[in-house]
Amino acid sequence: MRTSTAAALTVTLVATGLTPLFLAAPASAAVAKHYDDFNGDGYRDVAYSHYYKSISGADGWKGGAVKVVYGDASGLDTSHTQVVHQGSPGVPGTGEADDNFGESLSSADLNKDGYADLVVGNPMETVGGSEYRGSVTIVWGAKTGLSGGTNVTPKSGAGSRFGHDLATGDFNGDGSPDLAVIGGDEAWLYRGAFTKSGSTGTVSKIDKSGQGWSSYRLEAGKVDGDGRTDLVVIGEQVTDSAAKHRIWFLKGAASGLTSGPSKSYASAPWTLAIGDFDKNGYGDIAVGLPDNNNEKGAVSVWRGTSSGPSGSMTYNQASSGVSGTPEEFDNFGSALAAGDTDGDGYADLAVGVPNENVAGNDHQGGVHLFRGGSDGLTGTRSTWIPQTITGPATAGAFFGFDLRLRDLTRDGRADLTVGLADDALVLRGTATTPTATGAEHLPEFGSGLLD
């Protein structure tokens, strides 16, 4: 979806250098091994926007909320959940009917205590009488789960809708996770470490000064193999009264981020995912272009090298070996996720086609899984995952509008989470294709899967 981080940014950080933590409790003053292990038990947790049942507060909260499902040895424990909102103990702010707490999500161990912290954007928040000023809240991880929170102070000039998108990573390589935030049409880099009292490292603007640049979406990952996290920004650049759809690569550096190459597209990029699809040590940047060619859609992959991204390949439903036929309004590439689903060491790419019409069922949807290999991604190694793995064929299921690939069972294979209308399904990774056998449903799923 255009307004959710998961659909706009189904973002996806495969090459972050994060590995599983096998200890029952975190070591003191050590950064959590999993950026999404909120209670430090060694298992990944899943966070997403809670299904919005009521704007009146009948559910005990209003203005949006985030649902967390905690991991265990079997993958996810759907009986061990938590709802976080602005009425939760210690979480700052007041939920209001027009808020959207949880529109954007990210996570990292920002205070380096061994527990991952959840970063929540609420770009519709009214602050001090300013409508849609926006807020970003860090909800702190702890042994018992997420608890309490601290707001990130907007930098002067950050504009409205602060928290429209978020990304985390160690961009300067100092061992402290950093946070990138979009407010209005500007992006800001907050350097770590962060404290519960609200202090951070230095803050700087991410901008092409004087070049008519506006920032919309963010994705973090490792592209050039130097060990630091890099950042990719979806934006728009206005030159001579013409607006160009672009993405911009920023290289992680000791100073924070340094400007790298940009790439233009005929249609607006919606989503990004970073993965090493050819296992050459450099992360490749997948770009979802669902509006391409009368909304038939396409995915462009900008290949990673030691000097940053260079060269690209394009995939769509007309690519050799890819199931289906490109049709107007399919929106191939609306959601992307990267991860190694079959454990062969190559990152794979999941591509959502939520508006695909199947056998007369409008917007039934589906997912194409492109497997990585020594030659990168090819259509001949792609597999169609239909909506019918969830049950009977259903019009309006929008299967594939949100995607996430993470190894939840610690078996070396990424599990695929697929969002559809009013539900999400976690498919276990296998040596071939993610399977619905043993699949889990995420309770009260709304949208916006944490990357």
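Let's start with a charge placed over a ring: Lys279 lies over the face of Tyr346, at 4.5 Å from the ring centre. Please keep in mind that this model is predicted. A second case involves Lys208, whose charged end sits over the ring of Trp213 at 5.8 Å from its centre. Here are the two side by side:

| Charged residue | Ring | Distance to ring centre |
|---|---|---|
| Lys279 | Tyr346 | 4.5 Å |
| Lys208 | Trp213 | 5.8 Å |

Trp213 also brings us to the aromatic pairs. Searching the whole structure gives six of them. One of these joins Trp213 and Trp248, with ring centres 5.3 Å apart and planes at 75°, so the pair counts as edge-to-face; the cut-off for that label is an angle over 60 degrees. Where do the two partners of this pair sit in the chain? Trp213 belongs to strand β12 (residues 213-221) and Trp248 to strand β14 (residues 242-253), so that the pair links distant parts of the chain, 35 residues apart. Both tryptophans, Trp213 and Trp248, are buried.

Elsewhere, Tyr48, Phe401 and Phe445 come together as one aromatic cluster.

Glu440 is part of strand β27, which covers residues 435-441. Is Glu440 buried or exposed? Its relative accessible area is 14%, so Glu440 is buried, given that the cut-off is under 20%. Leaving aside residues up to four places away in sequence, Glu440 touches Leu76, Ala424, Leu425, Val426 and Arg428.

Definitions and conventions
Residues are numbered from 1 along each chain as its sequence is written. This is a predicted model: local features need pLDDT of at least 70, side-chain atom pairs count only at pLDDT 80 or more; totals for chains, interfaces and linings use all residues. Side-chain values use heavy atoms; hydrogens and water are left out. Helices (H or I, at least four residues) and strands (E, at least two) are DSSP runs, numbered from the N terminus. Buried means under 20% relative accessible area, exposed over 50%, partly exposed in between (1.4 Å probe, protein chains only). Contact means heavy atoms within 4.5 Å. Rings of Phe, Tyr and Trp (its six-membered ring) pair if their centres lie within 6.5 Å; planes under 30 degrees apart count as stacked, over 60 as edge-to-face and the rest as tilted. A charge sits over a ring if NZ of Lys or CZ of Arg is within 6 Å of the ring centre and within 35 degrees of the ring normal.
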